[in-house]
Amino acid sequence: MSARYEVRDGIAVITLDNPPVNGLGHATRSDVAAGVARAEADAAVKAVVLTGAGKAFSGGADIREFGSPKAAAEPNLGTLIKVVDGCSKPVVAAIHSVCMGGGLELALGCHYRVAVAGASIALPEVKLGLLPGAGGTQRLPRVLGVETALNMIVSGEPVKSELLAMQPGQRLFDQLIEGDLMTGALAFAADVGARHAGGAPLPRVRSLPATDPNPDGYFQFARNTVKAMAKNFPAPARCVDAVEASVKRSFEDGMAYERELFMALMFTPESKALRHAFFGERAASKIPDVPEDTPVRKIAKVAVIGAGTMGGGISMNFLNAGIPVVILETRQDALDRGLATIARNYESQVKKGKLKSDVYQQRMSLLTPTLSYDDIKDADLVIEAVFEEMGVKETVFKKLDQAAKPGAILATNTSTLNVDTIASFTRRPADVVGLHFFSPANVMKLLEVVRGKATAKDVLATVMAMAKVIKKTAVVSGVCDGFIGNRMVEQYIRQSGFLLDEGCTPSQVDRAIEKFGFAMGPFRMSDLAGNDIGWAIRKRRAVEFPNIRYSKTADLLCEKGRFGQKTGAGWYDYKAGQRDAIASAEVEQMIVDYRKTIGRAPRKVGEEEIVQRLVYSLVNEAARILEEGIANKASDIDMVYLTGYGFPLFRGGPLCYADSQGLFNVVRAMQHFGLNPHDDAGFWQPAPLLARLVAEGKSFT
Ligand code: T1G
């Protein structure tokens, strides 16, 4: 059963029971409708209590049914709410923990609502590119007032039950239960049951008025606000339209209008992208050959080797989660600098009012600096973040192998080196894993978990669970040059150089891809990260892969010492102490001169071609990564790009976007680019998987 039915002293209790969060799937909806009918038919029943088992009242419509016929199968959510609303006996919603989306809409269809404090109340549909589609936009304004309701619907953010219950004039909660929810709910139901047994009319939310003292003025203000904040996303503006209808139209008309808007949003590319990202985030923690019940190792103490930028940022993640950290350096001055950087980062958050001073002190109290490997012997997880050179890694991992206790997980933060080689420096390769954080490590959500050939399954399960604790989006990658993200960005950067050879300026390329939605174009990004990093990688790769061609412009730039923001000049010029990228006449002349040396007559490259060549270079490499099994699934690759490389969320990631364009069209465009005699031979050869998907009429996601 997906909802249980029992009768206690004349009160029918219907308990939603569809783990993990009582999603309102078809079976649950059917069981609840049957329960209400049973209660109505039972003369001994005076009232109904509706509640949820486990850790939620209800997390809303069952998102696992999205896109399947079950989602709309009768009784659909709208029908179920009508059944509850139309019941002849009082139905009391007993709310705890989580009451969201369709779950809150169901509660609003009940005649009464009681709750315990601490419950998260939300209509988060806007985060999925939707709006509440089962009466939320029409009923919530009737119980909370238009402005509070609209704020909740447009933000999608949860509000605690006790805060809403305190709002003057609110009709969302009839009672805040002290103590045991069920005891209080049963007593409340018995009281209203007696009251209505005598025929008193049942209170219905739809009969309440939705009013605002100055609706036209308020909704104009709301539209202006939403327009400013919701660039690229259509749903927030539709939320305003729907809530306005609750004031200006009858309940029935408002419901019909809400339904119309909801269905239209369901088919927008933005909603598909947001739903893809929602599922992708949750799917990333699932590793095909690692069972979900794999036991995890306890991580009570962490050691970080290296107090540089990465070591400091990595340490902060654990301090923020209340986990003690021992941070080790080889020299006192480096250790002092590292601690000072961590303190400075926290102090700037305290100054901005984002962190309380006592919390800052408490976090710093969890941090122990040391110069001795003896002090890491009881760490459960050791993360190396030292200089990116294999010899240094070897020295460190041999020491870790000696110093760390049996069962400790030994992780490397390397961004390009071979994790299997690093594991071979120890006698415990099964305990070695890559934890590739992205700078700034205490801010960026992405964490690439690099699985070595020998990495044990429980080590993987442990670090994936740990990633959730430190609020990272962890994606598993196999071992290859650049793992997932940097391997793809390598092709993206190569292609951006070829665009310069053909006639583009850095500004043209950056402007085009930033208009597409990227946070930052390749040249601004390179100036930020440091052009010398790419320079070093190209030199290393030139030895290993001599036949890979690059535009020489990036090397010419570095030979001029233009490493980017850190040297005050890179692809762009920068005023002292400022980060605004200013087009550089010197660089543009350098590119013009370079074209002459390679005999290239510049041509005008349109914005669409720039975007397609940059994005499809990511798609093609991603297809190879998928085929080689470096990434387990397409959504993992999209999550890497959404959380680590500034790919626009409203497009869902490179592979979600490729699907939205049609893989046939993607390959056709690539073949067109491949006709360019100047392009690197083979760059545009479609990856075998991509060609196969097109041949079979399939998509990535
Ligand atoms: N349906 C089914 N499963 C859900 C779910 C849902 N609504 N929400 C979460 N899960 C799964 C999730 O995939 C994960 O599964 C597990 O629960 C724990 O999730 C008509 C159409 C509810 C606050 O958008 O915000 O109603 O990975 O790790 O941190 O207007 O999940 O364990 O197998 O996030 O405790 C609107 C989305 C739907 C709520 C719990 N509702 N969920 O957070 O656990 S649209 C939402 C959340 C709608 C109507 C419209 C959170 C949570 P697994 P978790 P958590």
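A: Arg195 and Asp191 share helix H7 (residues 181-197). They sit 4 residues apart, about one turn of the helix. Helices here are DSSP runs of H or I with at least four residues, strands are E runs of at least two, and both are numbered from the N terminus. The side chains of Arg195 and Asp191 form a salt bridge, 3.2 Å from N to O. That term means a side-chain nitrogen of Lys or Arg within 4 Å of a carboxyl oxygen of Asp or Glu. Arg195 is partly exposed at 44% relative accessibility, and Asp191 is partly exposed at 40%. Buried means under 20% relative accessible area, exposed over 50%, and partly exposed in between (1.4 Å probe, protein chains only).

This is a predicted model: local features need pLDDT of at least 70, side-chain atom pairs count only at pLDDT 80 or more, and totals for chains, interfaces and linings use all residues. Residues are numbered from 1 along each chain as its sequence is written, and side-chain values use heavy atoms, leaving out hydrogens and water.

Now take Lys248 and Asp216. Their closest N and O atoms are 2.6 Å apart, in a salt bridge. Lys248 lies in helix H9 (residues 235-248) and Asp216 in helix H8 (residues 215-229), so the pair ties together parts 32 residues apart in sequence. Lys248 is partly exposed, at 46%. Both belong to a salt-bridge network that also links Arg223, Arg238, Asp241 and Glu244.

Glu65 and Arg29 also pair, at 3.4 Å from N to O. Glu65 is buried at 11% relative accessibility. Arg29 is buried at 2%.
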